[in-house]
Amino acid sequence: MKQDKALVVFSGGQDSTTCLFWAIERFAEVEVVTFDYGQRHRLEIDCAQEIAKELGIHHHILDMSLLNQLASNALTREEIQIEEGENGELPSTFVPGRNLLFLSFAGVLASQIGAKHIVTGVCETDFSGYPDCRDIFIKSLNVTLNLSMDHSFVIHTPLMWINKAQTWELADQLGVFEFVRERTLTCYNGIIADGCGDCPACQLRKRGLEEYLHAKSKS
Ligand SMILES: [Zn+2]
């Protein structure tokens, strides 16, 4: 695998940055793709760009602003408040089929740049109700992409079965714990690193971080 090329779906957040380092360790050549769909914060794209630039990674940014025509939700429309899904409901950040679209575009791009491997940080463990983050969906899409382009892509999901604490552990094992902690953006309020501390994304990130640091201090 070390001679192969990989394309990482990259948002500049904790998960996809950890996946990027995971890919750098495994593949000879790595490029990243970020989807611009009118995120609440332009900063998210800037953050991804900065990281890619610093690591000397070729960065593709695809305009996916058409998603705004398809969905009214908190991540793409500033005026709508972010709410947590309750009782198994989907959270208000849900864009139906978003990963289907993103990964399909990633597949087309991968075929054009000659990348056999596609890496994505989707995770079933805390998948927040997004059906297209589930392992069964990714496996299904992998078959579909291969059939549609007569390719043999391999979609990698290093975070699929691990929780937030274990994602921090993975970053630590890859020797990039501090980098991921200080340089990535998870916060819905657009604050880099440890974020605002209050929004659902920050709370999830903080809980995982505390859990990991606690486990590490005892080992
Ligand atoms: Zn926050």
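**A friendly note on this predicted model**

1. Let's start with Ser11, which sits in the loop that links strand 1 (5-9) to helix 1 (14-26). Please keep in mind while looking that this is a predicted model. Is Ser11 buried or exposed? Ser11 is buried, because 23 other C-beta atoms lie within 10 Å and the cut-off for buried is 20 or more. Setting aside residues up to four places away in sequence, Ser11 touches Ser16, Thr34, Glu44 and Ala48.

2. Now look at Gly12, which is also placed in the loop between strand 1 and helix 1. Gly12 has 25 other C-beta atoms within 10 Å, so this residue is buried. Which residues does Gly12 contact, leaving aside its neighbours within four places in sequence? They are Thr17, Glu44, Cys47, Ala48, Ile51, Thr184 and Leu185.

3. Next, the nonpolar core. The largest one holds 46 residues, and those with the most contacts inside it are Ala6, Leu7, Val8, Ala23, Ala106 and Ile118. Among the elements that give two or more residues to this core are strand 1, strand 2 (29-36), helix 2 (42-55), helix 4 (98-113) and strand 4 (117-119). Helix 1 provides the largest share of this core, with five residues. For a closer look, pick Ala106: beyond its neighbours within four places in sequence, Ala106 is in contact with Leu7, Val9, Val33 and Ile118.

4. On the helix 1 side, Gln14, Asp15, Thr18 and Trp22 take part, and they meet Thr167, Leu170 and Ala171 in helix 6.

5. Finally, a word on confidence. The average pLDDT of the protein is 88, and 85% of the residues score at least 70. Where does the pLDDT fall below 50? That happens over residues 82-93, a stretch that has 24 contacts in the model beyond near neighbours in sequence.

Conventions
Residues numbered from 1 in each chain as written. Predicted model: local features only at pLDDT ≥ 70, side-chain atom pairs only at ≥ 80, totals over all residues. Helix = DSSP H or I, 4+ residues; strand = E, 2+ residues; numbered from the N terminus. Buried ≥ 20, exposed ≤ 12 C-beta atoms within 10 Å, placed from the backbone. Contact = placed C-beta atoms within 7 Å. Core = buried A, V, L, I, M, F, W, Y, C linked by C-beta atoms within 7 Å. pLDDT = per-residue confidence, 0-100.
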